[in-house]
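Okay, thanks for coming, everyone. Let me put the model up and then we'll walk through it together.

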Amino acid sequence: MPKTVAVVGGGITGIVAALNASANGHTVHLFERTDFIGGKIDEWIRPHGRAQSIPTGPDAFLARRPEVAELAISLGLANQLVSPAAGSARIYRDGRLHPLPPSVLGVPASGDLSQTGLISADGAARASLDLDAPDDHPNGDESVGAMVRRRLGDEVHEYLVDPLLGGINAGDSDRLSVVSGVPQLDVLRKKHTSLMTAATQTLAAAPSNPGPVFQSIDGGLNRLIDAAEAELGRRTNVSIHLSTSAELTRGSDSAWAVSGIDTDEVILTTPAGVTADLIRTLAPAGADELEAIDYSSVALTILILPPNTIDIDPAISGVLVPRLCGLHVTAVSFASHKWPDLAPDGSQILRVSVGRRTDERWSQLRDAEVIQLVRNDLSEIFGTIIPDGPAHLTRWMDSLPQYDVGHAERIRAIDDATRHLDGLVLTGAWRSGLGLPACVASGRAATAKST
Ligand SMILES: Cc1cc2nc3c(=O)[nH]c(=O)nc-3n(C[C@H](O)[C@H](O)[C@H](O)COP(=O)(O)OP(=O)(O)OC[C@H]3O[C@@H](n4cnc5c(N)ncnc54)[C@H](O)[C@@H]3O)c2cc1C
């Protein structure tokens, strides 16, 4: 039976939900607070008529999961899938850039860890205790920090695992859930008592030619959004309501209305705090749990530098900065190394992240001050003066949901508290993964459940 479905939130999760529900024959109303759809997939249109825009949010997706590529293919972008030209990362420590030892998300395979210079001889000796230490993995969830510090020592945690994992969600890996936040590490700890042995086995079992780790769309991920928007526009059963901060009401007959439009079902894909506000009177306990999901903020600065300002191998895609280095910058992505089409004139285009859950110093500063901090930190990291030039700062306030220890129980509590609300589905980046593939999967799952 065709129904009317309201989808609230026009990010990738909501877009996928709207595409799926409308493909299933339902009438869809997509509500978006801003005047554009795409949510965090946004771009900076460069000044001076430069050919390409530069992403201010996500620039790629994990290729190991199929969902985003499947979406792109369904939207006619099969031949537009591209992978970065550079994929080798470095970690900054003590004035030098170090290659990463072979690892699974920072958990090193067995071998001489001190060889790359990133981990000291003492740190490497401490880590190797993991090979023979008795099984001390708890049955339930724990933080990545607790697990890695216990098995491999503080140094491996601070200089290898935390920069990699903390960088992904601007989080604090001492609070990040192994079970919900980094399920690959949960697999690792179940595979073998020794994390290093498990990492070695995992790497040995990996295909010899695994293909690209990341993919994107030629010209930027915003083209995926453009294609989705065009597809939604072609469908006569879809209405997009931009600049509409949705409000949710439930009638006495258990029917729903969103911003005055009657609807049979509602899919909320908004950030957890917004979702909490929308359902507060209907399910206060669920709203409390949603509100307890913490979000991190991050500042993303795009810098366009003259060619060869930084003397660095173009095969290097980025540099991670451990928090113990005391800098503001947490990660530097060489956008023009990854996507050379962005800079046909050879300029160096950097996307630089500042801030994490444990460091919000930048949020009190003006844009120009943050950009100056970025230039100072880059000068220190790369040992060269970073000149003034085009720069663009995006403040991603409360943008990255934190999957703390116990996240899975929290999601269960939210589901329990809202189960009585027939026809209501709660999803989004806070639920079962914040990467783009997980968001696409959540958008699909929402429609599978509801329609
Ligand atoms: C700086 C940054 C870089 C990232 N890089 C990557 C990356 O490279 N690869 C990757 O896989 N992931 C990356 N991510 C994560 C990924 O981009 C996000 O998790 C994902 O885009 C979230 O999609 P979403 O649809 O769930 O939420 P959002 O994109 O946040 O969309 C939610 C939408 O709801 C709207 N909304 C809010 N309130 C209301 C309301 N009351 N009524 C109507 N609409 C409302 C918002 O305006 C927004 O458009 C990055 C995130 C950030 C912040």
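When I say strand or helix, I mean DSSP runs numbered from the N terminus, with helices being H or I of at least four residues and strands being E of at least two. Ser 243 has a positive phi of about 50° even though it is not a glycine.

Quick housekeeping. This is a predicted model, where local features need pLDDT of at least 70 and side-chain atom pairs count only at pLDDT 80 or more, while totals for chains, interfaces and linings use all residues. Residues are numbered from 1 along each chain as its sequence is written.

Leu 105 is in the loop between strand S9 (103-104) and strand S10 (107-108), and it counts as partly exposed, with 16 C-beta neighbours inside 10 Å.

Okay, zooming out. The chain comes to 15 helices and 22 strands. Its radius of gyration is 23 Å, close to the 22 Å from the globule rule for 451 residues, so it is as compact as a globular protein of that length. That radius is taken over C-alpha atoms, and the rule is 2.2 Å times the number of residues to the power 0.38. Along the principal axes, the C-alpha trace spans about 70 × 60 × 45 Å. Of the 451 residues, 48% count as buried. And if you take contacts with a separation of 6 or more, 71% of them are between residues 24 or more positions apart. Contact here means C-beta atoms, placed from the backbone, within 7 Å.

Now domains, with bounds that come from an automatic or database domain assignment. We have domain 1 (4-41 + 65-81 + 218-293 + 403-450), domain 2 (101-205) and domain 3 (295-401). The C-alpha centres of domain 1 and domain 3 lie 31 Å apart, and eight residues of domain 1 are in contact with four residues of domain 3.

On to helix H9, which I rather like. H9 has 13 residues (222-234), and at 1.5 Å a residue it should span 18 Å; its end C-alpha atoms are 18 Å apart, which agrees. That expected span is 1.5 Å times one less than the number of residues. Which residues of H9 are buried? They're Leu 224, Ile 225, Ala 228 and Leu 232. Looking down the axis of H9, the buried residues fall within an arc of 95°, so they line one face of the helix. The arc is that of the directions from the helix axis to the C-beta atoms. As a reminder, an α-helix has 3.6 residues a turn, so residues three or four places apart point the same way. Covering the buried residues of H9 we find, among others, helix H1 (12-23), helix H2 (67-74), strand S11 (214-217) and strand S12 (238-241). Over on the face turned away from the buried side, you get the exposed residues Ala 230, Gly 233 and Arg 234.

Next, the largest nonpolar core, with 123 residues. By nonpolar core I mean a set of buried Ala, Val, Leu, Ile, Met, Phe, Trp, Tyr and Cys residues joined through C-beta atoms within 7 Å. Val 7, Val 8, Ala 18, Val 144, Val 266, Ile 267 and Val 354 touch the most other members. Strand S17 (residues 295-305) gives the largest share of this core, eight residues. Leaving aside neighbours within four places in sequence, Val 354 has contacts including Val 298, Ala 299, Trp 362 and Leu 373.

Last stop, Ser 442, in helix H15 (residues 436-450). Is Ser 442 buried or exposed? Buried, because it has 26 C-beta neighbours inside 10 Å. Beyond neighbours within four places in sequence, Ser 442 is in contact with Thr 13, Thr 427, Gly 428, Arg 431 and Ser 432.

That's my tour, so over to you.

Key:
Buried ≥ 20, exposed ≤ 12 C-beta atoms within 10 Å, placed from the backbone. Contact = placed C-beta atoms within 7 Å.
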